[in-house]
Amino acid sequence: MAKRKAKNPNQLGLKMGLNDERIPKLFGLLLLFIAVYLFVAFTSYLFTWKVDQDRVLRFSWKLLLNDGPTVDNWLGRLGAFLSNFYMYFLFGLPSFGIVYLLWQLGMNRLRRQSIKPMGALFVKVMLAVVGFAVLLEFTIGKVWQFPVGGAVGQYLVSHLTGVLGSFGVILLLVALFGLYLVFEARIDFNGSPRQIGNDIRDHFSERIRFRGKERPERFEPKIKADFTEPQKPSTEPALAPRNKPSISLSPGDGSDFEVDGPATLSEKGIEQVPGEQTELPLEAVGDLTLVSHDPLAAGDANLTIIDGDEGIDTSLAVTAENEDHSEPYDPTLDLPNYVPPHAALLRELESGKAEVDRSELEANKDQIIETLLNYKIEITKIRATIGPTVTLYEIVPAPGVRISKIKNLEDDIALSLAALGIRIIAPIPGRGTIGIEVPNKNPQMVSMREVIESEKFRTAKMDLPLALGKTIKNEVLVADLAKMPHLLVAGATGQGKSVGINSIIMSLLYKKHPSQVKLVMIDPKKVELFPYAKLESHFLAFLPGQTEPITTETTKVIHILNSLCIEMDQRYDLLKKASSRNIKEYNEKFVARRLNPEKGHKFLPFIVLIIDEFADLIMTAGKEVEMPIARLAQLSRAVGIHLVIATQRPSVNIITGVIKANFPARIAYKVTAKVDSRTILDAGGADQLIGRGDMLLSNDGDVVRLQGAFVDTPEVEEVINFIGNQRGYVEPYLLPEYNTDEEMAGSGSLSYADLDDMFEDAARLIVSQQHGSTSMIQRRLKLGYNRAGRIVDQMEQLGIVGPAQGSKPREVLVYDEQELIRFIDDLRNRG
């Protein structure tokens, strides 16, 4: 630890810097002096205005400084001038509101509280001053010679009367008073005030003060305190959360009675209650002082309630838990009114439990036994598990029977049962049996609503939960995409891939807040994912200047994939600075406020890249798409970027070995040939599915047969409209800008003739605002995004702005407009 430089004893002891704590206190004392001075001057003006007005009506500094006329104001010529200025030329009697405002601001600075509440107070006081000036001038201004409303009130009344008439002005004043009752006094006009106006308001002069935070808009008259055991002073960093200290309660009369730990207030006084949270209503507390044993620890509370009728300044001072930013950060508060979609938006199908006739089960069982006996294969036990579309028959073969012999009878059993989609699992892992899956004659549809409402999905504690459907055991299967970490979806046309993609997206929309996950959608077919464009202010992420949030053009797909690689690299840089290995550790540190946002740290949402018809992209763009996809597949898991890729047949020329190795989780819908099944799953079985959502999920080495959850297009649109009609973020989640080598070529070779016609205007805007943003040029100068982007590239080549920094604005390298003008003149002379 560096040693502090010793103070020179000859230095002046009262030398103060800008950060000295005495500066705001001195400023507060000055404001209090001005407030008292004006109050006395205004009060004197009420009695001396007739005598002094003629002498000070024409203000002159010579009259103020030299020997001027004598005045009767208690504070001399300056008091007479100031009071006449405020009373006569401005607001009249309501000018006393200015005194109140200055007093409150002075007390705020003296106590070194947050300056933010003063802004709201200034607006309220000035509106009240103007309003009362109009009211007084309109009601008694003509009958009283005193300037009750001042020049401002007189001017407004004369113009309002001319426009609205006298009765219109009365209606306007009544309407303003009604607005005051609704928004400030919180009267609901149903006969009861809104959580105000009880005995406490009459008995206590309540003022709430939160150190570093604004007073809550609605404060319920109760104290809710959680009393815990004493804690040692925390040695953690300043931004880390700390435990709450114990709190002692002592009566306000100064007695030595003290209780540590949980306590309540009863007829006997304060009683200790083990391990409970207590609520103390204010009317029961009376004079009560809560004092912390450890005033240095975060989370301490100092509450004082004193009878306001005795003329004492009544206050309830609370040291907020977040005084040192120790309160956990909640990313959902950026969109606090967001309501997740409810299950009623989805259709409820008549599914229920899978029903199979007893006769069907018996017939299938007999056919299986008979077929096996025809090939001299005996079994000792058989049992059936009924699923929504398939029934699993588990058999235990007699000793000495080879499993491969049963496996080779797959087609013969299908022939004897006269059914398609027979699949033999030999053996079932961990069960010691052989499974024969037989499709039901009357398959049951699994609805998305049924899966969403299941207990397993509602209670899932996963980062990215996906409700995929139901297993053969009729159990809902919920998988975590974050652990997969990428998902490959493949199958023949019309077998349920698009519905499966929709069910994946629906799962995330139902389970996650927009601040927790962002979706990047690529749809070469242009028709599958376009309804989700309405979610651009909530869940979607895309490039700056992108006109459509769903990417469909191949050139833009290349840009967005490379942009995701830039985002990935930037996230790895943040993880490195935070000494975190993955996004979960990083976000935990950020939520605990152990990372400083001023150093570039921010809450990182998960990003899910969804690509429909990946094969089409490979055929049209080839390596330009393959390379960024391979990088993302290998590296993006730790930083919370996950891929869901759908294609019809992921052959080796579509899904390369590098990509395929990083997609251990795969979903296979029905395919036409065994070779296709092996391409997808590295095993057979997908060719024996029955279609219509019947699928195989390969994850962690296990292959599970599922009936996918069905969600129809109208249901998807209902959910999208429900979310899209809510208030979203002011700006969407933008990915880093990506410029190709061609766009960056020619650096330093520009002449003045090569510059855009709007270059100078754009450069002046950038330099004056010191904010290098393409979107600002586009918005202020009303240019297209491509043209604005070219202008910014020209500025970068000329050294006016720095290189792109992802989603952050570029650094402006020219600091004033004179320097810019000289630079452009030199360029013009050279060119």
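I searched the whole structure and found 4 cavities of 30 Å³ or more. I took a cavity as a set of points, on a 1 Å grid over the protein atoms alone, where a 1.4 Å probe fits but cannot get out. A volume is the space filled by probe spheres set on the points, which are joined across faces, edges and corners.

The model is predicted: local features need pLDDT of at least 70, side-chain atom pairs count only at pLDDT 80 or more, and totals for chains, interfaces and linings use all residues. Residues are numbered from 1 along each chain as its sequence is written, and side-chain values use heavy atoms, with hydrogens and water left out.

I looked up the second largest cavity, which holds about 50 Å³ of space. Its lining (residues with an atom within 4 Å of a point) includes Gly387, Lys470, Asp694 and Arg705. Strand 14 (465-471) and strand 23 (702-708) are the elements that give two or more residues to this lining. Strand 23 gives the most, with 3 residues. Strands here are DSSP runs of E, at least two residues, numbered from the N terminus.

I then followed strand 14 to its partner. Strand 14 pairs with strand 15 in the antiparallel sense over 5 bridges; pairing requires at least two DSSP bridges. Lys470 has Val476 of strand 15 as its bridge partner. The hairpin has 4 residues between the strands, and Asn474 takes a positive phi near 65 degrees.

Finally, I checked burial (under 20% relative accessible area, 1.4 Å probe, protein chains only). In strand 15 (residues 476-480), 5 of the 5 residues are buried, so this strand is largely enclosed by the rest of the structure. Val476, Val478 and Asp480 lie on one side, Leu477 and Ala479 on the other.

Notes. On a 1 Å grid over the protein atoms alone, a cavity is a set of points where a 1.4 Å probe fits but cannot get out, and a pocket is an open set with protein on both sides within 12 Å along at least five of seven lines; lining residues have an atom within 4 Å of a point. Buried means under 20% relative accessible area, exposed over 50%, partly exposed in between (1.4 Å probe, protein chains only).
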